[in-house]
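Subject: Structure for your review

Dear colleague,

My notes on it follow directly after the display.

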Amino acid sequence: MAPIAAVGVLGLLLAGCGASAESDAASPAPIVSSAPAEDPYAPVPVPGRTIAPTSPSDASAVHGWRLAVVVPDDSQATETLRAAVSEFADDNGVDVTEFVADDGGIDAAFADALAADADAVVGLGEGTSDVFAFEASQWLDRQFLIIGAQVAEPTGNVTAVIWDGATSRGSGAPADGEIDDASAPAHASDAIASGLSSVAEGTTGVVVHLGE
């Protein structure tokens, strides 16, 4: 009788393994950031980690992309970022649709940008931090990029590009330093290029800190 019992136990074990495999297959794969292709052994940045910018990839990586850009206000800093995005798009074959926060407010502008089903939803400056912080975590299959600000607790699909003078975390946490809108012109062009490069490479959920 012992051999029969052993066969029965083995059958139960195999059945358990099969059930486990089916369960694993049914579970959605987690969204993770990937290391830059040029260094496959680099550690994968966890969401929220601050990293230095890498050299922007060939712009052909984003050629043909569609960006939905959320414009929170008409401040000088926002207009500077807006112009930088427009110039980058013209130079690199990127389609941009702007969603301006007017009478409907920033929430309505974000909702309209999300509905555009673009390759990435881009926020310009600290005026977009709060809505991105709240809404982006509800849309983990979409990519979000904030230029000139960050969110307090980013998920793996929210990438930010900041620099000294543009480190706001919105109302969720203090900024990393003094806010200086006059710092935008010196960094705006590099910010959009570095941010889109990071998203295109799959290094998402990070905070890219531009140097001087």
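Aspartate 176 is partly exposed, with a relative accessible area of 46%; here buried means under 20% relative accessible area, exposed over 50%, and partly exposed in between (1.4 Å probe, protein chains only). Before I continue, please note that this is a predicted model, in which local features need pLDDT of at least 70 and side-chain atom pairs count only at pLDDT 80 or more, while totals for chains, interfaces and linings use all residues. Residues are numbered from 1 along each chain as its sequence is written, and side-chain values use heavy atoms, with hydrogens and water left out.

Salt bridges

Aspartate 176 forms a salt bridge with arginine 169, and the closest N and O atoms of the pair are 2.7 Å apart. A salt bridge is taken as a side-chain nitrogen of Lys or Arg within 4 Å of a carboxyl oxygen of Asp or Glu. Arginine 169 is likewise partly exposed, at 22%. Elsewhere, salt bridges that share partners join Glu79, Arg82 and Glu98 into one network. In total, the structure holds three salt bridges.

Overall layout

The protein has five helices and seven strands. Helices (H or I, at least four residues) and strands (E, at least two) are DSSP runs, numbered from the N terminus. From the N terminus on, the elements run α-β-β-α-β-α-β-α-β-β-α-β. Of the 212 residues in the protein, 41% are buried.

Contacts, defined as heavy atoms within 4.5 Å, can also be sorted by separation in sequence. Among those with a separation of 6 or more, 62% are between residues 24 or more positions apart.

The nonpolar cores

As general background, nonpolar side chains tend to be buried together in soluble globular proteins. A nonpolar core is a set of buried Ala, Val, Leu, Ile, Met, Phe, Trp, Tyr and Cys residues joined through side-chain atoms within 4.5 Å. In the largest nonpolar core, which has 31 residues, Leu67, Ile147, Trp163 and Leu196 touch the most other members. Strand 2 (66-71), helix 2 (76-92), strand 4 (120-124), strand 5 (144-147) and helix 5 (184-201) each supply at least two residues of this core. Helix 5 gives the most to it, with seven residues. A second, separate core has 21 residues and includes Phe99, Phe110, Val121 and Val131.

Leaving aside neighbours within four places in sequence, isoleucine 147 is in contact with Leu81, Val122, Gly123, Leu124, Gly125, Val161, Trp163, Ala191 and Ile192.

Two strands are said to pair if DSSP finds at least two bridges between them. Strand 5 and strand 6 run parallel and are joined by four bridges; the bridge partner of phenylalanine 144 in strand 6 is valine 158. Strand 6 also pairs with strand 7 (residues 207-209), in the parallel sense, over three bridges. There, alanine 160 stands opposite valine 207.

Aspartate 181

Aspartate 181 lies in the loop between strand 6 and helix 5. This residue is partly exposed, with a relative accessible area of 46%. Aspartate 181 and threonine 78 are 103 residues apart in sequence, and their C-alpha atoms are 8.8 Å apart in space. Apart from neighbours within four places in sequence, aspartate 181 is in contact with Ala77 and Glu126.

Yours sincerely,

Your colleague
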